[in-house]
Amino acid sequence: MLSAAAIAAASIFAPLGFAAEEAAASGDAAATSIGEGIRVAGIALAAGLALVGSALGTGRAQASIGAGGTGALAEKPELFTNVLILVALPETIVVLGFVIGFLILLEI
């Protein structure tokens, strides 16, 4: 549980660090104002939440599918291909979350 919280915190706050570094590197006075900083922090937080939400959803789905798939394979080994496809399908959710987070970060 502690490692999951650490991963979630790193996923949320790492984009904040990159956003602050980008604003400082630009050297523009408007980019370093408080309003701009809040906007950049909000965008970075949204990108982090997109990634964390999709990762947690994927983990939850794969846990359920994996448990059920293991039981099905114990009784019918010929279902291996179907179970493998069902376990791999939730991975698309985290890839989509990563893409959405990346697209949100492009707004900075």
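Predicted model: local features only at pLDDT ≥ 70, side-chain atom pairs only at ≥ 80, totals over all residues.

Visitor: Which residues does P90 touch, not counting residues up to four places away in sequence?

Guide: P90 is found in the loop between α3 (80-88) and α4 (91-105). Its C-alpha atom is separated by 8.2 Å from that of G59, a residue 31 residues apart from P90 along the chain. When residues up to four places away in sequence are not counted, the residues that P90 touches are T58, A61, Q62 and I65.

Visitor: Is P90 buried or exposed?

Guide: A residue is called buried when its relative accessible area is under 20%. The relative accessible area of P90 is 6%, so P90 is buried.

Visitor: Which helix do the buried residues of α4 pack against?

Guide: The helix α4 has 15 residues and reaches 21 Å from its first C-alpha to its last, close to the 21 Å expected at 1.5 Å a residue. Within α4, the residues V94, G97 and G101 are buried. Seen down the axis of α4, its buried residues fall within an arc of 55 degrees, so they line one face of the helix. The buried residues of α4 pack against α2 (34-75).

Visitor: Which exposed residues does the face of α4 turned away from its buried side carry?

Guide: The buried side of α4 includes V94, G97 and G101. On the face turned away from that side, the exposed residues are L96 and L103.

Visitor: Is F98 buried or exposed?

Guide: F98 has its place in helix α4. It also belongs to a nonpolar patch on the surface, formed with V95, V99, F102, L103 and L106, and the patch has about 600 Å² of accessible area together. A residue counts as exposed when its relative accessible area is over 50%. The value for F98 is 52%, so F98 is exposed.

Visitor: What share of the residues in the protein chain do buried residues make up?

Guide: The protein chain has four helices and zero strands, and follows the pattern α-α-α-α along the sequence. Its accessible surface comes to about 7100 Å², of which 74% belongs to carbon and sulfur atoms. Of the 108 residues in the protein chain, the share made up by buried residues is 19%.

How values were computed. Residues numbered from 1 in each chain as written. Heavy atoms only, no water. Helix = DSSP H or I, 4+ residues; strand = E, 2+ residues; numbered from the N terminus. Buried < 20%, exposed > 50% of the residue type's maximum accessible area, 1.4 Å probe, protein only. Contact = heavy atoms within 4.5 Å. Expected span 1.5 Å × (residues − 1). Arc of directions from axis to C-beta. Patch = residues over 30% accessible without salt bridge, like charges linked within 9 Å, V, L, I, M, F, W, Y side chains within 5 Å. Areas by Shrake-Rupley, 256 points an atom, 1.4 Å probe, with all protein chains shown as cover. Salt bridge = Lys/Arg side-chain N within 4 Å of Asp/Glu carboxyl O.
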